[in-house]
Amino acid sequence: MSKEELKKQEEELKKIEENRPTSRSSYFGIVDLAGFPKDRYYLYQSRWMPDYPMVHILPHWNFENKTGENIPVFVYSSGDEVELFLNGKSLGKKQKQAFEYRFRWNEVPYEPGELKAVAYKDGKVWAEASVKTTGAPVKLKLTPDKKILKSDGEDLIFVRVSVLDADGNEVPTAEPLIKATLDGPGKIVATDNGDPTCLIPFPETTRPAFNGLYLAIVKANRGAKGKLHFSVESDGLGTAEMVFQIEKGKIRQYQYIP
């Protein structure tokens with residue numbers, strides 16, 4: 001590299017650093033601050049769980065105004081061979097080589113539709129996955145990790161809020177402002193979206209989605225009875241609601257020891 005090229009790179013890096021948004025965390029790890037898996041989560045899963053049938057495609061397939069441009073596509077899988085399809089047309093098979101951790105198609109001409117990966121193991125179909133070009137966001141979906149909450153004041157429900165298109169596909173590029181509310185003897189402990197540059201405090205119940213996702217954490221008051229009515233809303237996307245049942249839970253007694 002010549003001195004001129006090196007100087008140019010240094011100037012470009014300086015501009016990038018000046019425009020870099022403030023971050024509240026590092027960018028490392030396999031899950032984000034909201035607990036949503038990153039792509040690397042599936043890389044480790046493919047290596048550490050070789051007997052678990054799985055395949056994961058990245059990136060998403062929403063690239064407006066990029067038809068015809070080459071998009072690199074990576075696939076993680078516990079299989080030993082993967083075939084990639086774009087709108088039903090095979091883009092060829094790749095075999096996993098020694099010390100390789102992903103299957104790569106470096107030049108896939110982008111066209112809207114469905115990108116599908118079929119993994120094979122020992123010559124047999126092992127797992128399948130696909131990503132689709134989505135439509136516009138039209139609604140919200142709630143996916144809690146459970147629906148019954150203990151009244152011990154410590155039990156938590158984690159509610160995943162997804163932004164969906166008309167066909168029920170998660171829209172990975174959607175970032176609408178979402179507000180969560182809770183009625184009943186409990187509270188929303190925190191919300192998050194996984195965006196490392198989002199500096200909205202965790203106790204705030206209104207924040208934008210990130211990668212089409214939003215998280216709310218709910219708990220019941222100590223000794224509470226009855227139900228909790230949880231809802232989220234966003235302009236143009238309507239409201240999604242869910243009821244959580246409270247059941248009696250043993251309340252821990254803490255003793256102060258000086």
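I call a residue buried when its relative accessible area is under 20%, exposed when that area is over 50%, and partly exposed in between, using a 1.4 Å probe and protein chains only. I worked from a predicted model, in which local features need pLDDT of at least 70, side-chain atom pairs count only at pLDDT 80 or more, and totals for chains, interfaces and linings use all residues. Residues are numbered from 1 along each chain as its sequence is written, and side-chain values use heavy atoms, with hydrogens and water left out.

**Entry: the sheet**

I looked up strand β12, residues 186–192, and found it mostly covered, with 5 of its 7 residues buried. Strands here are DSSP runs of E with at least two residues, numbered from the N terminus. I then asked which strands pair, a pair needing at least two DSSP bridges between the strands. β12 pairs with β14 (residues 213–220) in the antiparallel sense over 6 bridges, and T191 has A216 as its bridge partner in β14.

I noted the whole arrangement as an open sheet of 4 strands, in the order β8-β10-β14-β12, with antiparallel pairing. β8 (139–144) and β12 stand at the edges with a single partner strand each, so one side of each has no neighbour in the sheet. On average, neighbouring strands of this sheet are turned by 25° against each other, direction ignored; the axes are lines fitted to C-alpha atoms.

**Entry: D192**

I located D192 in strand β12. Is D192 buried or exposed? D192 is buried, with a relative accessible area of 3%. I next checked its side chain for polar contacts, meaning pairs of N or O atoms within 3.5 Å, one able to donate a hydrogen and the other to accept it; residues adjacent in sequence count only if both atoms are side-chain atoms. A polar atom of the D192 side chain lies 3.4 Å from the backbone nitrogen of A34, and the backbone nitrogen of G194 also lies 3.4 Å from a polar atom of that side chain.

**Entry: the cores**

I searched for nonpolar cores, defined as sets of buried Ala, Val, Leu, Ile, Met, Phe, Trp, Tyr and Cys residues joined through side-chain atoms within 4.5 Å. The largest has 27 residues, and L140, L142 and V161 are among those with the most contacts inside it. Elements giving two or more residues to this core include β8, β10 and β14. A second, separate core of 19 residues includes V75, V82, F103 and W105.

How values were computed: Axes are lines fitted to C-alpha atoms, for helices over the stretch in contact, and angles run from 0 to 180 degrees between N-to-C directions.
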